[in-house]
Amino acid sequence: MNDNVVARPCWTVLTKKAEDRIALIQNEMVQARQRLESLNTSQQRIQNMYDEYREGLIKSDESVGMREAMNQRQFMSQLLTLMQRVKTDIQYTENAIMGIKEQLVVHERERIKMQTLADQNAMAVQREENKKDQRRMDALGAVSYTHLRAHET
């Protein structure tokens, strides 16, 4: 029976692959969060523009011509449409971030599993080496003891 325990580099390789995948997912998360921040900034800018035009339209209701008032209302309508599109993009990005977080959890579990298997294999190899060393030491001790006993007689 062969009791030899061998180091299996596959667990280390699989752990490295899992770590690489996690790094890619984390990078994807950073990009998604940057996109969300950019969208939030855009939403605030559009809201500020809309508020400014609305206030300007209210203040100058009679001082501008009908054509100018129509143009301003049309522009405000376009701003509202744009704001709705940005809100949709924000919701989409937030959902994407939740999906990325779920992926991260799954791959982190996989990495931990591979690391645990790699560690268990390394410990089994080390235990086997320790047993071999102990057998060698015992054999050396027995030889030395036999050698000493032979010289005493």
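Colleague: What should I know about the ground rules?
Modeller: The model is predicted, so local features need pLDDT of at least 70 and side-chain atom pairs count only at pLDDT 80 or more, while totals for chains, interfaces and linings use all residues. Residues are numbered from 1 along each chain as its sequence is written, and side-chain values use heavy atoms, with hydrogens and water left out.

Colleague: Why is Q72 called buried?
Modeller: Buried means under 20% relative accessible area, exposed over 50%, and partly exposed in between (1.4 Å probe, protein chains only). Q72 has 14%, so Q72 counts as buried.

Colleague: What is Q72 in contact with, leaving aside neighbours within four places in sequence?
Modeller: Y53 and L57, where contact means heavy atoms within 4.5 Å.

Colleague: What makes R35 and D89 a salt bridge?
Modeller: The term needs a side-chain nitrogen of Lys or Arg within 4 Å of a carboxyl oxygen of Asp or Glu. The closest N and O atoms of R35 and D89 are 3.9 Å apart, so the pair qualifies. R35 lies in helix α1 and D89 in helix α2, so the bridge ties together parts 54 residues apart in sequence. Helices here are DSSP runs (H or I, at least four residues), numbered from the N terminus.

Colleague: Is R35 buried or partly exposed?
Modeller: Partly exposed, because its relative accessibility is 41%.

Colleague: And how is E128 classed, buried or exposed?
Modeller: Buried, because its relative accessibility is 8%. E128 also meets R135 in a salt bridge, at 3.9 Å from N to O.

Methods: Helix = DSSP H or I, 4+ residues; strand = E, 2+ residues; numbered from the N terminus.
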